[in-house]
Amino acid sequence: MSARTIWRCWGALMVLLALTTASAFLPLGTANLFISLGIAVTKALLVLFIFMELRASNALVRVFAAAGFFWLLIMIALTSADYTHRTDQRVPVDEVP
Amino acid sequence: MQGFPIWPARAGAYAGTLDFLYICLLVLAFLTAGLVIFLLIFFAAKYRHGSNAMRGGPSVKTWRWEVGWTTASLLIFFGLAVWGASIYLKLYNPPPNALQIFVVGKQWMWKAQHPGGQREINELHVPAGQDVRLVLASQDVIHSFYVPALRIKQDAVPGRYETMWFRADKVGRYHLFCAEYCGTDHAHMGGWLTVMRPRDYGDWLRAAGGQQTLAAQGEQLFRRYGCSGCHEPGGTVRAPQLEGVFGSPVPLSDGSVVIADERYIRDSILNPKAQVAAGYQPVMPTFDGQISEDDLAKLVAYIESIGPNSGRGAR
Amino acid sequence: MHAPHRESYLSAGIGLRSWLLTTDHKRIALLYFASITFFFSIGGIAATLIRLELITPQGDLGSPDFYNRLFTMHGVIMVWFFLIPSIPTTMGNFVIPLMIGARDLAFPRLNLLSWYLYIAGGLITVTALLLGGVDTGWTFYEPYSTFYATGYVILTIFGIFVAGFSSILTGLNFIVTVHKLRGPGMTWYRLPVFVWSTYATSLILVLATPVLAMTLLMLLAERVLHVGIFSPQLGGDPLLFQHMFWFYSHPAVYIMILPSMGVISEIVPCFARKSLFGYEFVVWCSIAIAAIGFLVWGHHMFVAGQSLYASLAFSFLSYLVAVPSAIKVFNWTATLHEGWIRFDAPMLYAFGFIGLFTIGGLTGLFLAALPIDVHVTDTYFVVAHFHYIMVGGAVMGYFAGLHYWWPKITGRYYPEYWARFAAILAFFGFNLTFFPQFILGYLGMPRRYQSYPPEFQIWHVLSSAGASILAVGYALPLFYLLWSILKGNRAPANPWGATGLEWSTRSPPPPENFPATPTVVRGPYQYDRGKPCMQAGHV
Amino acid sequence: MSEQALGVQYATPGQEREAVTLGMWAFLATEVLFFGALIAAYFNYRMWFGGEFIAAARMTKVVLGTINTGVLLTSSACMAMAVSSYEAGSRRSPVLWLGATALLGVAFVVIKGIEYSLEYREHLVPALNFDLARHGGVAEIFFMFYFCATGFHALHLLIGIGLVTWLAIWIGTGRIDRTGSTTRLIGLYWHFVDIVWIFLFPLIYLAGRNG
């Protein structure tokens, strides 16, 4: 990994940081959350692939790098299956859109 | 010791529905386990070391068997999942116009309050042949309201209302348990569910002294806690009028809409700033820690009594 | 064949130091054996007292608080200090490097550190339990465990937290070992099923345990600092604790059962003298169980107040996870077809395992059906179900493996007839103990009750009677196995006619495992008309 | 591990390198779920409590948080430079880059400390001096998460600073085994701590700024 790559990656990270902070102040409702999470994922991928050299790693290492995040997504998805539907618990099912 | 009981009492038609599913599962389980155990024993005997059984016949294609039993298990399991879910959905949706009873769990007793204001502890009297809806709360830890004869159970979680409903058909006395471990006297937290003929239930209600209905007691509390100062016409602060609100949709200040059910009313008393009705300021103080679960139940009953079905709140 | 004059890992050093500072996977396995036996005995004593109490409907053996502490102690010790580490840390540690043709695990010093963490966590927890115990149940449900429980909650949880690191490091060690240290010729499809299932277990250990660690830390923070996280009294949601707890604790059930399934998959082909039916299906079922096992935790919360949608999804997924388990049972049974079956003690335990696991798995189908779960959750039906899986399954597998590899580990035969007797005793004792509990559960007997309505008594009496038989069945091996270390007949390298690499080195193995690195030339479990074809090309 | 000769269980240095790398990534997967449990809890409470929870996030110090994110990202770049120059065979330059990494790490911790002290003054620290009447119970739960998440992150960072300092000394004094993977592994760990922060930053500091 060359110094040039590293500092270009650093530059990209700084730009993304500025973008995410600025975007957070725009009144976009829930879209703000998804924008900031999208930028966070991009930043994390930059760090993973360039600084942590996943670019040059074999498939096995990449699978293990992804596994933790994948299992975290499972946890968030299935817990939110509960939380997103909690409030309408006692609304009759056929009336729920 | 009293013999070898196998089946719990059936206090209602639902118990029969569930027992039928259970029996079908039992048959399936006995057939499957029987097949596996029979094959184990059969193979063990036939192909024991030193037996003269024929071996090494034409080899069976493995994958055919694998695909066969995988598909069979999948189909049967999905059928069971759908069957179970369809019964559960009925269990989940209380019928309208059910008799509503508040039940509060606390270490280590169940306290019930009937709509007429009658209270009882570790006993629950209900009329036969009538839908009953329980609103469960807990004052301390998680409890679980369990009547095996009805085949129903629901945790009472502190901080929120849970509901369950049932319809008992058979007059009798049935065990009532706490099924979620709750501390020292967990095993003693329970008593009896008494299912009575409707007329007897009426007699019992009178004898138990319904001094005042739950809603009437709630109306007094509504004044004592000062709710009426804002929530009645001519109040000092602009606050939503509560007549006709119960059971109807309430638009909130964040744009969403909730149904004003028991849980919403309760949450609004304890944590008024969480779900503010659209068009109002979040000025109501919290009553968290100042109102007992018993009193909350009365307030909710009062607000329900001035709901759209009461006649008073009809618009 | 035996050669006592040659050095084995046992004779490579005899001082206490040579054991406590060893990095040899085989010696660390023995350290685990000793400590796990200790914790199993403590948990077993608690279980005995529980069954003694429940003979009569009244509470007569101590106060209700004493009973609550008993079942908490039984659960905590058995789950975290016996079942979870049992097979991976003992047999896994001992045979995995041997099975794949390696000199040791990838990180031997980490392996020793894991044992120290385990023993430290275990001693902390046992201390807490002996000082006065905890009355939360092993599930530590909120808000009971924060503000209502008495006793040494903090110390107990801290012990479990420490032992969690042992789990994580053990899992990590196995994962790297299986990936990177397989000997020449040992391809993935030549790996014995035990290696596959321990690998699947390790994935769960690594991915689930940290969630438990964080959950317990938050519970500790709440209890110590009195600041709300889960407790509704402070504004939190107790169901979040249940979600996070079961995200670990349901996969933990598969941590217990998967290695046991691996052991059975070794023993059945070996004593049937026939290759394992559907090898590829069995190994991928292990991986599928590990993966789908993460998606089903909400079936512990059907009556807890989670949303309807979550319950429906979790019910459906719970049925899905039953499929690979069913496939395994069918494959083991089909393996017996046209075999040359012998009935040595490991095989008897394996038969017991298949029968009991089948019953445990089938009753899981009852519990996955939503309305039935509503009726029987938190009753003895659930107690019986998970004991069929964890005791009938995992512990039977543990004893099966223990007998199977005993000649390899010690170089001595155990007394065969005593062992068969113990296996049969345990099987019948087990069924008598736990089958009545299914009936009790459907009758509506809630769990964690010190006293109960008298009409339930007959089933409790039968259960306690069974428990006394079971206790003898589990205590017997302790005596005859210890006896066999000193007096047992010497065992050759391959006493059972098995095919794995571990059987091509001496019994007990030399410190370096193999005099020369073996080359693997074929898959596991190959038999030519009942004669084993060894996996190793040469030794 | 790597400052010694090849372990007996390995056949070649390449095998050892692959093994320790895989081990590190498996460990990081564990760490993802350790922090992930907290983040999952955060998401669920954010859904459950709604507005009040998000509003509490506005009390965090967004300027300091943004600066700190920049500091940490820069430290990661320095760490990458250290690994890259180390693997190129240099001795002086990795020591300098590691020094810069550690210094930036310390700067992060100092800024974090300033934030904590500001929050202390505003009575935002649960268990110590949280002003329930002023901020409300939901805000207290938010700040409990805030302190848990940033606290565990800071703990990881302190461990990282220790490792980086130790590594700099070993490289500088020439005591390190050049065939080993230690430098790369510590690099991976440092970057991982950075990634945790990349996710904590928008969840903690940027939530609720749009209203």
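**Strand pairing in chain B**

In this predicted model, strand β2 (residues 109–113) of chain B pairs with β3(B) in the antiparallel sense over three bridges. Two strands count as paired if DSSP finds at least two bridges between them, and strands (E, at least two residues) and helices (H or I, at least four) are DSSP runs numbered from the N terminus. Residues are numbered from 1 along each chain as its sequence is written, while chains are lettered from A and ligands numbered from 1 in the order in which they are written. As the model is predicted, local features need pLDDT of at least 70 and side-chain atom pairs count only at pLDDT 80 or more, whereas totals for chains, interfaces and linings use all residues.

*The five-stranded sheet*

- K111(B) has I121(B) as its bridge partner in β3(B).
- The order β3-β2-β1-β5-β8 (chain B) describes an open sheet of five strands with mixed pairing.
- At the edges of this sheet lie β3 (119–121) and β8 (162–167) of chain B, each of which pairs on one side only.
- On average, neighbouring strands of this sheet are turned by 25 degrees against each other, direction ignored.

*Strands that pair with β10(B)*

- Strand β4 (residues 123–127) and strand β10 (residues 190–196) of chain B run parallel and are joined by five bridges.
- V126(B) finds its bridge partner in β10(B) at V195(B).
- β9(B) and β10(B) run antiparallel, joined by six bridges.
- The partner of R173(B) in β10(B) is T194(B).

**Contact between chains B and C**

- In chain B, 69 residues are in contact with 71 residues of chain C, contact meaning that the C-beta atoms, placed from the backbone, lie within 7 Å.
- Elements giving two or more residues to the side of chain B that touches chain C include α1 (13–46) and α2 (62–92) of chain B.
- α2(B) gives the most to that side, with 17 residues.

- Helix α3 (residues 59–83) of chain A packs against helix α1 (residues 13–49) of chain D at an angle of about 20 degrees, with their axes 9 Å apart.
- Axes are lines fitted to C-alpha atoms, for helices over the stretch in contact, and angles run from 0 to 180 degrees between N-to-C directions.
- α3(A) and α1(D) are therefore roughly parallel to each other, a term for angles under 35 degrees.

Conventions:
Parallel < 35°, antiparallel > 145°, perpendicular 65-115°, else oblique. Contact = placed C-beta atoms within 7 Å.
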